Amino acid sequence: MAIVPPTMSPQGASMTDSGAVRPSARSLHFVARALGALWSNRKSRVGLAILAFFILVAIFAPWLAPHSPTATNFRPYQNPNSVNWLGTTGNGQDVLSQMIYGTRVSLLVGLGAGLLATFLALLIGLIAGFRPGVVDDVLSFTTNLALVLPGLPLMIVIAAYLRSNSTWMILLVIGFTGWATGARVMRSQTATLRTRDFVTAATFSGERLFRIVFREILPNMVSLAAASFFGAATAAVIAAASLEFLGMGNPNSVSWGSILYWAENDNALLTGQWVLVLVPGMAIVMLALSFILINFGIDALSNPRLRER
Amino acid sequence: MRYFLRKLAMFALTLWAAVTLNFIIPRLMPGSPVQAALSRLAGTGQTVTEAMKRAVEIQLGLPHTSLWAQYGDYLIGIMHLRFGMTYSITDVSVTRAILAAAPWTIVLVGTSTVIAFVIGTLLGVYAGWRRQTKVDSAVTIGSTFFSAFPPFFLGLLLLYFLGFKYHMFPLTGGYTPGAVPHLTLSFLGDAVYHSILPAVTLVVTSLAGWVLGMRNNMINTLGEDYVLFAEANGLRDRTIALLYVARNALLPNVTGFGLALGAVIGGSVLVESIFGYPGIGSLLLLAVNNRDYPLMQAIFLLITVSMLVTIFVVDLLYGLLDPRVRGT
């Protein structure tokens, strides 16, 4: 059992206190507590509600969508009407059904790329912060280099070379280009934690490095990791929309960005079909907004001065 | 002095790494960018001269020479600013195409960045000072809402409503077609008129970063002991907020401003393309759509290097402004 230091944050303490509980139950308890804390913040409550809405739509898409998203058996270029509530695309597909199914792709890219970027940031930040000297120098240099490389142009260039045009490629490109900001924050946090008394105590009591990193350090990084995750997810949602809009995703997949891409190709704004631009665009805005709002709550958790009184 | 030397060494190292990365990326990619570029070049109908072929190969990878020899050729080419011919625009070298586009981007995005920084910081000062008021909520929520907009989407909306529907602004271009870019008052006026919508798009979507950063710093600084002391001394509320708090809360935002200036050249790819603005962003997309790899490589290099140079200069200035930084 780790020595529980008085300086540990509430999250960390709760994880070691309940040592008798099974790991799964303990992490469930932790998630519930974190959600409860976020729910008590007005802004992040709105964000959580919006995100929950999109997740439900994505899960129940087959039951919610009135038509098949890929069926092309409607009259093309229809404005909203009683059959096709949001009109039809130039290929005669139902826009509402495409919107509902498209939620899956946008959520997948946003959450997936956010997760990948956060994982890389944690990995690199933890190693760099825990191994001062050459390892830290090399990793910090890499991080700073990745930080100054221009994000969107880099993604565009890589996507242009890859030419494979798939949703997964977009997810990977965004994930692998978006980790640097998080890694820098995690590195400095790890570096300060490493010299704290409770970590020294754990080292002296003979704990292995692996256990120190995962049981002593990591619990204190949860709010940083969460903030980094939602920040990366926000950027991912916006970047994915931009890449798809440029036709660098798979234009034949059913996603919000693809609807925008085809709308631009068909000059939907000039032909009066502004719904084709407004609806997917606003959906992207709302999803990105939900991540930003949730991050407000996380900020307030980790910095008491920002709490609303 | 040691501080500046270390910064200089760091800058040189990063510059080298970025230039090398620009060399490696096309060579790592599956397929053969060289073949694609050459067949694309032949497809444009121009006669492919030996020199053009060689330029493409130097930038994107030669099948027969060693990697080191290629790397040497590539570095020499960069030092002489030789980037070969673009085949997106006939009879124009990559360097000339970039030089023609860069001023447009620098003026548009540079001005927008400055405007966004000033407005955002002032709003942030006010919101942080008067926190928990209606103005604070309106500023915070409003700027956050617009920061969730992909810039190209806001651009499309503005273009549709203000340009297409109500004819208040031109639909495309950096100036009226037919006009020749030169420095007269009427041409400048025309250019400004064309740049209003893209500028508004860029300012509105980037406002939140400045507002929230400044607001958070204000709130943190307002909690400091010396602020309490100033209050106890009976100083006026506004004096404390502006002279004591805002000045100290400003530093992180100034750093951010340096970074934002560095990102100017590459920061508006999609917005430029939406508005048909004749800048670097539009040029990059033109290159991407035409698989014009020499142009694409050169633009990417320019975007990266301008970022690095700006950060370097900001670092130096920061060292001059804040002696504490030099010590670490």
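A residue counts as buried under 20% relative accessible area, as exposed over 50%, and as partly exposed in between (1.4 Å probe, protein chains only). At 15% relative accessibility, A:E207 is thus buried. The model is predicted, so local features need pLDDT of at least 70 and side-chain atom pairs count only at pLDDT 80 or more, while totals for chains, interfaces and linings use all residues. Residues are numbered from 1 along each chain as its sequence is written, chains are lettered from A in the order in which they are written, and side-chain values use heavy atoms, without hydrogens and water.

Chain B contains 14 helices and zero strands. Helices (H or I, at least four residues) and strands (E, at least two) are DSSP runs, numbered from the N terminus. Of the 328 residues in chain B, 48% are buried.

Chain B meets chain A through 52 of its own residues, which are in contact with 43 residues of chain A. Contact means heavy atoms within 4.5 Å. The two chains bury about 4400 Å² between them, and 78% of this lies on carbon and sulfur atoms. Buried area is the accessible area (1.4 Å probe) that two parts lose on being put together, summed over both. B:F153, B:Y160 and B:F300 supply 12% of the area that chain B buries against chain A, more than any other three residues. Zero salt bridges are counted between the two chains. A salt bridge is a side-chain nitrogen of Lys or Arg within 4 Å of a carboxyl oxygen of Asp or Glu.

The whole structure holds four salt bridges over all chains. One of them joins A:R187 to A:D136, with the closest N and O atoms 2.7 Å apart. A:R187 lies in helix α9 of chain A and A:D136 in helix α6, so this pair ties together parts that are 51 residues apart in sequence. A:D136 is buried at 9% relative accessibility, whereas A:R187 is partly exposed at 28%. A:E207 pairs with A:R211 at 3.2 Å between the closest N and O atoms. A:R211 is partly exposed, at 26%. In chain B, B:D237 and B:R130 form a salt bridge at 3.5 Å, N to O. B:D237 sits in helix α10 and B:R130 in the loop between α5 and α6, so the pair links parts 107 residues apart in sequence. Both B:D237, at 41%, and B:R130, at 28%, are partly exposed.
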